[in-house]
Structures are given as C-alpha cells and as structure tokens.
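Keep the structure open while reading.

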Amino acid sequence: MDKIYESSDYLILARRRPATRVVVTFSFFAEDGSPAKAFADRAVADLGFAGVFVIAKHPHWCQTEDRNAVTEAVRSVVTDFPERVAYGVSKGGYSALSLGAAMGCQRVIAVSPQTVISDPGVPLRQDWAEAISARPIIRDQVADDLGSITPEIVFDPFNARDRKHVEYLQARRA
C-alpha cells in the first residue's frame, strides 16, 4: 500500500489497482487503546476493489485542523474511479458520513454510526464521550456534510443508542 497522507492525526494509505470501484474506509474506535489500523483492507482487496484507508491515529471523530487536507488527499486518488464509496462502522461510520461527500464519494455506507457528537440528547458511550471531550468540536454537521447523498445505514433498531443516532440524522434530512 502507498502512503498518500500523514499528519499527527491521520495516516492515509491507498491500494491502487485497475478497478471500476474504489472504497474509502475509515478506522473505528479501538476499545482496548490499541492503535487504529486500516479497516476492511482485506475485504476490499478480496472483492477486487481499489481502496483508500483513512486511519485515525487518535479517536478524534474528524475534529482536526487538517480536515480539508485529508479530504483533498483522498479526492486526488479517487476521482478517476467511476464508482466511489465511503464505508465505516461506528466512529468510522461517523467519518464516512462526515467526510465521504467532500472526498468525492457518491455513496456512503455506515454501520451503527454516530451521527452527532455534540448533542446531549443523543447518547454516547462514556469512553467515546471522554475521547471526544479531549478536543474542541470543529464541525459536527453530518446531515449537511452529506450534501445530496442519501446514506445507506445499517443499524440495530432495538439498540436505543443506535436508533437515536439514526433518528437524529433522519430528522435533519427530512
């Protein structure tokens, strides 16, 4: 894999190959404190897609000063692909929702994502809240960030936290 961007907050790797689809994946919250790694890299390769892997070095939920540099670095790699998909789970789902459109993706797939990190009416796990509070909130407007994209969200409707996050996004997209 090629390194296409690195800062104190991000490492972005790309696996370039002839393909009609590129999948941009986002790392999730590592519960054990271990360093994040490329998410779904093996699945992306096994499916024959090109891949861009956005790895958060810290659990920052995209609250970084280099947000624009990150989106431009990814956009510079993905624009030549006819199909561009952003994909993430949980914190990575938040990142896919928040950054996918700006990166040039046409589809966003998020599994059990957080959709807001600054509204006290929408629950966060305590460890997430602690990680989020370590940085100022720079931008927390996922509904606006999606632009015209209708995200594909997979979640457990019987999990109250998952459901609240999806309902929050749906209410702002109505």
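## Contacts along the chain

Take the contacts between residues at least 6 apart in sequence: 71% of them join residues at least 24 apart. The model is predicted.

## Overall build

The chain holds six helices and seven strands. From the N terminus, the elements run β-β-β-α-β-α-β-α-β-α-α-β-α. The radius of gyration is 15 Å, close to the 16 Å that the globule rule gives for 174 residues, so the chain is as compact as a globular protein of that length.

Along its principal axes, the C-alpha trace spans about 45 × 35 × 25 Å. Buried residues make up 47% of the 174 residues. The chain exposes about 8400 Å², and carbon and sulfur atoms supply 51% of that area.

## The sheet

In what order do the seven strands of the open sheet lie? The order is β1-β2-β4-β3-β5-β6-β7, and the pairing is mixed. Strands β1 (2-6) and β7 (152-154) are the edges, each pairing on one side only. From one strand to the next, the twist averages 15 degrees.

Strands of a sheet pair through backbone hydrogen bonds, either parallel or antiparallel. Here β3 (residues 21-26) and β4 (residues 50-56) pair in the parallel sense, over five bridges. Val24 stands opposite Val52 in β4. Helix α3 (residues 91-99) packs on the sheet. This helix touches β2 (10-15), β3, β4, β5 (83-89) and β6 (107-111). The direction of α3 makes about 145 degrees with that of β5.

## Aromatic pairs

How many aromatic pairs does a search of the whole structure find? The search finds three. One of them is Phe29 with Trp61, a tilted pair at 5.7 Å centre to centre, with 35 degrees between the planes. Phe29 lies in the loop between β3 and α1 (41-46), and Trp61 in the loop between β4 and α2 (67-78), so the pair ties together parts that are 32 residues apart in sequence. Both Phe29 and Trp61 are buried.

The rings of Phe39 and Tyr87 also pair: their centres are 5.2 Å apart and their planes stand at 40 degrees, so this pair is tilted. Phe39 lies in the loop between β3 and α1 and Tyr87 in strand β5, so the pair ties together parts that are 48 residues apart in sequence. Phe39 counts as buried, at 14% relative accessibility. Tyr87 is partly exposed, with a relative accessible area of 25%. Phe28, Phe39 and Tyr87 form one aromatic cluster.

Key: Residues are numbered from 1 along each chain as its sequence is written. This is a predicted model: local features need pLDDT of at least 70, side-chain atom pairs count only at pLDDT 80 or more; totals for chains, interfaces and linings use all residues. Side-chain values use heavy atoms; hydrogens and water are left out. Two strands pair if DSSP finds at least two bridges between them. Helices (H or I, at least four residues) and strands (E, at least two) are DSSP runs, numbered from the N terminus. Axes are lines fitted to C-alpha atoms, for helices over the stretch in contact, and angles run from 0 to 180 degrees between N-to-C directions. Contact means heavy atoms within 4.5 Å. The radius of gyration is taken over C-alpha atoms; the globule rule is 2.2 Å times the number of residues to the power 0.38. Buried means under 20% relative accessible area, exposed over 50%, partly exposed in between (1.4 Å probe, protein chains only). Accessible areas come from the Shrake-Rupley method with a 1.4 Å probe; for residues, only the protein chains shown count as cover. Rings of Phe, Tyr and Trp (its six-membered ring) pair if their centres lie within 6.5 Å; planes under 30 degrees apart count as stacked, over 60 as edge-to-face and the rest as tilted.
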